[in-house]
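Here is a protein model to read feature by feature.

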Amino acid sequence: MATKIIKDVYTEYLSGSVIVTPPASNIEFIAGAAEGGQLLTRYTISDKDTAEQIFRGGELLKALLERLDAGSSMIYAVRIGDAQKAVLVLKSGETDVIRIEAVEPCLLWNGIEVDVTVDGDSRTIEVTNPETEETDAFTGDSNDALVAAINAGQSLVLASKLADDLPDAVEAESLTGGTDGSVLTNGDYMDAIEFSEQFSDVSWVHFIGADTPDLWTAIVTSCQNMIDNILGERFALLDLPRFEPVDPDHITPQEVQDYVDACIALKEDFTNRNAVFFIGEAKFLDQDGNEYINRVSSACSGKMASVSLQKSLLGESPVNIISLLPEFGRGHQVQLIQANINYIRTQPGIGKIIALSNNAPPVGETYNRIEKLRAIYSAGKQARIAAFPHLGRPNDEGGEGLKLLEEDIKQPLELMRQKGEIDSFELTVTSTDEMRSLGEAQVTLSINSMKAFEIILTKVYLD
């Protein structure tokens, strides 16, 4: 592994007593289709009420609710897709004079009704919400006044002036053209991947329904670029194709075997330490008490977010799962383990538990479990944050500054050790005469972990 450098290290006058607040290690970035919310806009979600108010429905909302049920506490949620806003254009004769559009893309808002009443030189425009049947009325004697009143007086639609002529009378005309954009394209996913890179505090990403090797490659390439360019540490939860039996209530053994074989074949040549796969589906219970079928990825991700760093998912039980679809037999489980694919199984006396917590590393790669990767990435992130106050300052010849840099980096790492997030660490900071003249220092961090009957001895280089 190539050695990387911390440049322009401050090594004078720093006391070594900088207090570092450890960053969150469980922030998830989730992107998918929804029925509400603005496109490519980050919403910070930590409770189900907020998620429902913003996203209304769709795969993204299901994923958020499943995660929150399982233990997620901080999610950056992003709606993607080719959704369109419902629109109505008011006219004066043949001239377009006022455009009224829903504030967000949504099929539901096609039902927004608009009435225009003429009263001499003034107009009254009424806007009715199809969900609540509440009506807001706005009166003005010019289009500028009408547009300003509509935009200031409610949050359902936005108005814009197209011409000066006042609109003609309209009775109960609805906005049209609104769509949810639930069918996602590769372009939608690529936009979301690029958008995610601006959030360096994210620990892992999940692009719901991105289930092809090409999209997997794009996702893990983004993760690796974030790491290589010292922008952030992250890994990816990747979706396998959906399990689609002919009759979900009567699944045949051959359908299960074909599904397992197809998924393993699809990822056979795909290996990357930042990749984590969960296979299979389950029946869930929604907020209204209705059953639905969905991938187990989000429930497993939420459980992963709820456990401490270095803790294995083995034996952890996702909540709100009624039944597994399918349940993998012993032979299937052996196949999945050998392919580094995680799954949920039913164990007598325990219920539905997550089996293993493997990622999908190349052969011989030391990063072969999710908890290892999380602990190492978190330690690297915290070490870089602790080193930040030293950047942009001159080196001193006596080397005192290097000692202070080392002490500052040790503080958050020692806190991680005390909390059991890493077992031990070794840290060295060096700077040759040539490096010192360039304002550079080399920081090498070795993190040791002995959780889950395994030993990690891996070096993380800081830049």
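The dialogue below moves from confidence to overall build, then to rings and strands.

Q: What should I know about the source of these values?
A: This is a predicted model; local features need pLDDT of at least 70, side-chain atom pairs count only at pLDDT 80 or more, and totals for chains, interfaces and linings use all residues. Residues are numbered from 1 along each chain as its sequence is written, and side-chain values use heavy atoms, with hydrogens and water left out.

Q: What is the mean pLDDT of the protein chain?
A: pLDDT is the predictor's confidence in each residue, from 0 to 100. Here the chain's mean is 88, and 90% of its residues reach 70 or more. Residues 1-6 have pLDDT below 50, with 26 contacts beyond near neighbours in sequence. A contact means heavy atoms within 4.5 Å. Residues 452-458 also stay under 50. For that stretch the model has 23 contacts beyond four places in sequence.

Q: How many helices and strands does the protein chain have?
A: Both are DSSP runs, numbered from the N terminus: helices are H or I with at least four residues, strands are E with at least two. The chain has 11 helices and 22 strands. Take contacts with a separation of 6 or more: 68% of them join residues 24 or more positions apart.

Q: How much of the protein chain counts as buried?
A: Buried means under 20% relative accessible area, exposed over 50%, partly exposed in between (1.4 Å probe, protein chains only). Of the 463 residues, 52% count as buried. The accessible surface is about 20,400 Å² (Shrake-Rupley method, 1.4 Å probe). Carbon and sulfur atoms hold 48% of that surface.

Q: How many aromatic pairs does the structure hold?
A: A pair of aromatic rings is described by the distance of the centres and the angle of the planes. Rings of Phe, Tyr and Trp (its six-membered ring) pair if their centres lie within 6.5 Å; planes under 30 degrees apart count as stacked, over 60 as edge-to-face and the rest as tilted. The structure holds 13 such pairs.

Q: Why is the pair of F243 and Y259 tilted?
A: The ring centres of F243 and Y259 are 4.9 Å apart and the planes are at 50 degrees, so the pair counts as tilted. F243 lies in the loop between β13 (235-239) and α6 (253-266), and Y259 in helix α6, so the pair ties together parts that are 16 residues apart in sequence. F243 is buried at 6% relative accessibility, and Y259 is buried at 8%.

Q: Which other rings are worth a look?
A: F284 and Y292 form a stacked pair, 5.6 Å centre to centre with 20 degrees between the planes. F284 is buried at 1%, Y292 at 15%. Ring pairs also link F29, Y76, F195, F199 and F207 into a cluster.

Q: Where does the charged end of R42 sit?
A: A charge sits over a ring if NZ of Lys or CZ of Arg is within 6 Å of the ring centre and within 35 degrees of the ring normal. The charged end of R42 sits over Y76, 4.2 Å from the ring centre. R273 lies over the face of Y367 at 4.1 Å.

Q: Why is strand β8 largely enclosed?
A: In β8 (residues 122-128), 6 of the 7 residues are buried, so the rest of the structure largely encloses the strand.

Q: Which strands pair with β8?
A: Two strands pair if DSSP finds at least two bridges between them. β7 (residues 113-119) pairs with β8 in the antiparallel sense over 7 bridges. β8 and β9 (residues 135-140) are antiparallel over 6 bridges. β7 and β8 form a hairpin with 2 residues between them, and G120 in the turn has a positive phi of about 65 degrees. The hairpin of β8 and β9 has 6 residues between the strands, with E133 in the turn at a positive phi of about 60 degrees.
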